[in-house]
Every structure is written in structure tokens, then in C-alpha cells.
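This briefing covers sheets, ring pairs, charged side chains and backbone angles in one protein model. Please keep the sequence and the 3D view open while reading.

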Amino acid sequence: FILYLFFLLMIVGCEPPTDVRLKVENRTNRVIYARFEQDNTLSRSENIIGYAHPTDKIKPHEITPFLQIGSNNAWEYFINSSKDSTMHLFIFYEDTLIKYSIAEIIEQNKFARKYDLKVNHLDAMNWTVIFIDGHN
């Protein structure tokens, strides 16, 4: 019984390894959402709610870490497993997600900013992407 209890505690208590190095800093007065893609364009196959999921939300003047499950280097794996070893970060204003349909957002590229990021870019930025109104 004690051995069984030990194994049960080990299974329940183990969390998968994660990579939380990647952060997005919102230096605006507006709520934004971040969307990470391996493809250069927004995917039509994504679930609509995925574009406005609460875990993608970044409040004004906050820094939000983003979790990638798999290992301590899961973000590097995600980036390097894309076709061009580039992760594409799309930033959306909350009001855009409220006002427009997903089809309109995709077809009209209604994102506030798009970042094309390789691992060496993120290393140089200390894995923190800073979003400022306008282009940065």
C-alpha cells in the first residue's frame, strides 16, 4: 500500500517541463492579445476563441510570460521546427477582436503588429518582446 501511495503521489505531483522565458511587455494604455504562429500568416483552421483566449491577454503596462510545454527549451523547439525557423508573433488590440469577425481579421490583416522572430533575435532581446503603439 505504501509503495502504491508513493507512485500515486509521484504521478500526481509531476508537472511536465515547461519553458516560460518568452514574455511580451505591453507599453500601451490598451489591452492587447498575443498570437504565436509557426506560419507566416494567421491560420484559418484555428478555433475562433483562440484569438481572444484569456491566457493570450496582456493588460496595459504589464509583462506577461507565455508558457510552452515540453522542455526547458520548448520555445526554441517551437521556433526551429517551423518551416523557416521563425516564429511569427501577431499582436491584436482587444477592440479589434470585439469589432471584427475572425474572417475579417485574417483577410484584412487587422493586427496591430507582427514580429518575425528567430531564436537569436529573442536571445538578444532577453526573450522579452516590447510592444509600443505604432511600429517598434
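N126 sits in the loop that runs between helix 5 (119–124) and strand 9. The model is a predicted one.

- N126 is not a glycine, yet its phi is positive, at about 55°.
- The relative accessibility of N126 is 62%, and the residue therefore counts as exposed, the cut-off being over 50%.
- W127 is found in the loop between helix 5 and strand 9.
- W127 also has a positive phi, of about 60°, without being a glycine.
- With 5% relative accessibility, W127 counts as buried.
- R21 is placed over the face of W127, 4.1 Å from the centre of the ring.

- An open sheet is made of three strands in the order 5-2-9, and its pairing is mixed.
- Strand 5 (63–65) and strand 9 (128–131) are the edge strands; each has a single partner strand, so one side of each has no neighbour in the sheet.
- From one strand to the next, the twist averages 20°.
- Strand 2 (residues 23–26) pairs with strand 9 in the parallel sense, over four bridges.
- Opposite N26 stands F131, which belongs to strand 9.

- Another open sheet has four strands in the order 4-3-7-8, paired antiparallel.
- Its edges are strand 4 (57–58) and strand 8 (113–117); each of them has a single partner strand, so one side of each is left without a neighbour in the sheet.
- Strand 7 (residues 87–93) and strand 8 run antiparallel and are joined by five bridges.
- L117 in strand 8 is the bridge partner of M87.

**Aromatic rings**

- The count of aromatic pairs comes to five.
- In the pair W75 and F78, the ring centres are 5.7 Å apart and the planes stand at 85°; this angle is over 60 degrees, so the pair is edge-to-face.
- W75 and F78 are three residues apart in helix 2 (residues 74–80), which means a separation of about one helical turn.
- Both W75 and F78 are buried.
- Y93 and F131 also form an edge-to-face pair, because their planes are at 65°; their ring centres are 5.9 Å apart.
- Y93 is in strand 7 and F131 is in strand 9, so this pair ties together parts that lie 38 residues apart in sequence.
- Y93 has a relative accessible area of 11% and is buried.
- F131, at 0% relative accessibility, counts as buried.
- F36, F66, W75 and F78 are linked into a cluster by ring pairs.
- The charged end of K110 is positioned over the ring of Y100, at 4.3 Å from the ring centre.

**Salt bridges**

- Side chains of opposite charge can pair when their charged atoms come close.
- Seven salt bridges are found in a search of the whole structure.
- R27 and E25 form a salt bridge, with 2.9 Å between the closest N and O atoms.
- R27 counts as partly exposed at 43% relative accessibility, whereas E25 is buried with a relative accessible area of 16%.
- R35, a residue of strand 3 (residues 32–37), meets E37 in a salt bridge at 3.4 Å, N to O.
- The side chains of R35 and E37 also make a polar contact (3.4 Å).
- R35 and E37 are both buried, and the relative accessible area of R35 is 14%.
- A salt bridge joins D116 to K114, whose closest N and O atoms are 3.6 Å apart.
- D116 counts as partly exposed at 42% relative accessibility, and K114 is partly exposed with a relative accessible area of 21%.
- A network of salt bridges links D19, R21 and E76.

Methods: Residues are numbered from 1 along each chain as its sequence is written. This is a predicted model: local features need pLDDT of at least 70, side-chain atom pairs count only at pLDDT 80 or more; totals for chains, interfaces and linings use all residues. Side-chain values use heavy atoms; hydrogens and water are left out. Two strands pair if DSSP finds at least two bridges between them. Helices (H or I, at least four residues) and strands (E, at least two) are DSSP runs, numbered from the N terminus. Axes are lines fitted to C-alpha atoms, for helices over the stretch in contact, and angles run from 0 to 180 degrees between N-to-C directions. Rings of Phe, Tyr and Trp (its six-membered ring) pair if their centres lie within 6.5 Å; planes under 30 degrees apart count as stacked, over 60 as edge-to-face and the rest as tilted. Buried means under 20% relative accessible area, exposed over 50%, partly exposed in between (1.4 Å probe, protein chains only). A charge sits over a ring if NZ of Lys or CZ of Arg is within 6 Å of the ring centre and within 35 degrees of the ring normal. A polar contact is a pair of N or O atoms within 3.5 Å; within protein, one must be able to donate a hydrogen and the other to accept it, and residues adjacent in sequence count only if both atoms are side-chain atoms. A salt bridge is a side-chain nitrogen of Lys or Arg within 4 Å of a carboxyl oxygen of Asp or Glu.
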